[in-house]
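I opened the notebook to look up fold, packing and metal site. My entries follow the structure.

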Amino acid sequence: GQTWSQHLFSIATGNPRSLTIQHSDEFYLFMNMWAEFKWLSYQMTLKCWVQATEEYNHCLVKKTGQSVIQKNLQALLCALDDIEPKLMNCIVKDEYTSKRNNETFWCHHCSVVPLVKEEQGEKVSPTQTCSRCQTIMYPGAENSPLNHKQGYCTDGVKQVSKSSEDLPPWPQPQGLFSEGCTFHLHTFLLAVQRVYECIFMQGPGEMDLLEMEAFAKLLASCTEICEDGAVLFQLFADFVVDPSIPRNRIVTYNDKQWLRINFLQQL
Ligand SMILES: [Zn+2]
Ligand SMILES: [Zn+2]
């Protein structure tokens, strides 16, 4: 059978065809469902996206047959990242023409979904999207809880790395990171155990699928197995660690700081 790390890698990578919406029938189906169900990035929770992905795949199979490669949640998110700014541009500039699609197509899609705040009948220019989680930064009024936090995403990871390291992919499980600066080791170790149990014991449990994927990616990219069997997780230059676990679990190896994951070592 596969080892835990192979499992994590397969979750983290998946079938590349399942990760993007490429063909025109896949794209138009996405756009039509987007308009029908109003899949707005700033209103969608992760649970909504899981459901949206299921509905999308259901329709995709109905449309193109059983042999189609079903889409991963990430594919829908990517398609939305791609399409939302374009649609907002259309609305703001009142330009509904595009090289690839006809005017009525865009006009229809711009009108059905309230992407841009209308203030006193005037169209307000949409603000930027977060470079990490791709949600719209300020969908609400000033100080609205709908707005993106200053400097960090909903999972507590900072938006931009101050060192040159890669940031953990969005969305990490809640509680691992906070306010863009702290990495909570105790919660991290619990999440390792939870992901392991989800994969090996009873399939996806109460853990959010998107979060599980993002976490598996993080593990796969930052974990090393030493010759003596120790499983080490490389700590971040961008985050300080909280003092929730004994310091002797943190080791220096190849001039870097690592957290020893005893739980995985025992397997
Ligand atoms: Zn963000
Ligand atoms: Zn903590």
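I counted eight helices and nine strands in the chain; these are DSSP runs numbered from the N terminus, H or I of at least four residues for helices, E of at least two for strands.

I noted the ground rules. This is a predicted model, where local features need pLDDT of at least 70, side-chain atom pairs count only at pLDDT 80 or more, and totals for chains, interfaces and linings use all residues. Residues are numbered from 1 along each chain as its sequence is written, chains are lettered from A and ligands numbered from 1 in written order, and side-chain values use heavy atoms, without hydrogens and water.

I checked burial. Of the 267 residues in the chain, 46% are buried (under 20% relative accessible area, 1.4 Å probe, protein chains only).

Which protein atoms hold the zinc ion (ligand 2) as donors? I found His184 (ND1) and Asp242 (OD), at 1.8 to 1.9 Å. Donors are N, O and S atoms within 2.8 Å of the metal (3.2 Å for Na, K and Ca); water is not among the atoms, so sites may look incomplete. His184 and Asp242 are both buried.

Definitions and conventions. Buried means under 20% relative accessible area, exposed over 50%, partly exposed in between (1.4 Å probe, protein chains only).
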